[in-house]
Amino acid sequence: MVIAVCVGSSCHLKNSYEIIERFKQAIETHSLENTVELKASFCLNNCMNAVSFKIDEGPCKQITLETFDSVFNDLVLRKLDDYGTDKNPRQ
Ligand code: FES
């Protein structure tokens with residue numbers, strides 16, 4: 001799984017670097033270092049909904065410091081569950 005967090009100017013103003021730090025902490029907490037690649041991205045053309053991020057080639061989503069935990073649980077951990085070899089042998 002690749003998570004790309006926008007660091008364009010609108011997202012930067014809304015703490016995208018702090019969001020990246022939260023992702024780093026969450027990835028470490030859940031021991032996902034070998035499963036999740038975290039990277040910064042140029043503008044994802046979703047500036048009205050900063051901070052923007054994408055998972056793999058999925059749609060652009062919004063995340064804030066306030067919504068971080070629920071978004072991480074719903075969009076990252078749940079998707080990784082779907083990747084599980086028992087549930088989806090193609091992954
Ligand atoms: S600056 Fe982040 S979507 Fe445009």
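The model is predicted: local features need pLDDT of at least 70, side-chain atom pairs count only at pLDDT 80 or more, and totals for chains, interfaces and linings use all residues. Residues are numbered from 1 along each chain as its sequence is written.

I start with the strands. Helices (H or I, at least four residues) and strands (E, at least two) are DSSP runs, numbered from the N terminus. Two strands pair if DSSP finds at least two bridges between them. Strand E1, residues 2-6, runs antiparallel to strand E3, residues 52-55, with three bridges joining them. In that pairing Ile-3 sits opposite Ile-55. E3 also pairs with strand E4, residues 61-62, in the antiparallel sense over two bridges, and there Ser-52 faces Gln-62.

Next, the backbone. Most residues other than glycine have a negative phi, and most peptide bonds are trans. Asp-56, in the loop between E3 and E4, has a positive phi of about 50°. Asn-45, in the loop between E2 and E3, has a phi near 60°. The peptide bond joining Ala-50 and Val-51 is cis, with omega about 5°.

How exposed are these residues? Asn-45 counts as exposed because it has 10 C-beta neighbours inside 10 Å; the cut-offs, with C-beta atoms placed from the backbone, are 20 or more others within 10 Å for buried, 12 or fewer for exposed, and partly exposed in between. Asp-56 is exposed too, with 10 other C-beta atoms within 10 Å.

Last, Lys-14, in the loop between helix H1 and helix H2. Lys-14 is partly exposed, since it has 18 such neighbours inside 10 Å. Leaving aside neighbours within four places in sequence, Lys-14 is in contact (C-beta atoms, placed from the backbone, within 7 Å) with Ala-50 and Val-51.

Definitions and conventions:
Contact = placed C-beta atoms within 7 Å.
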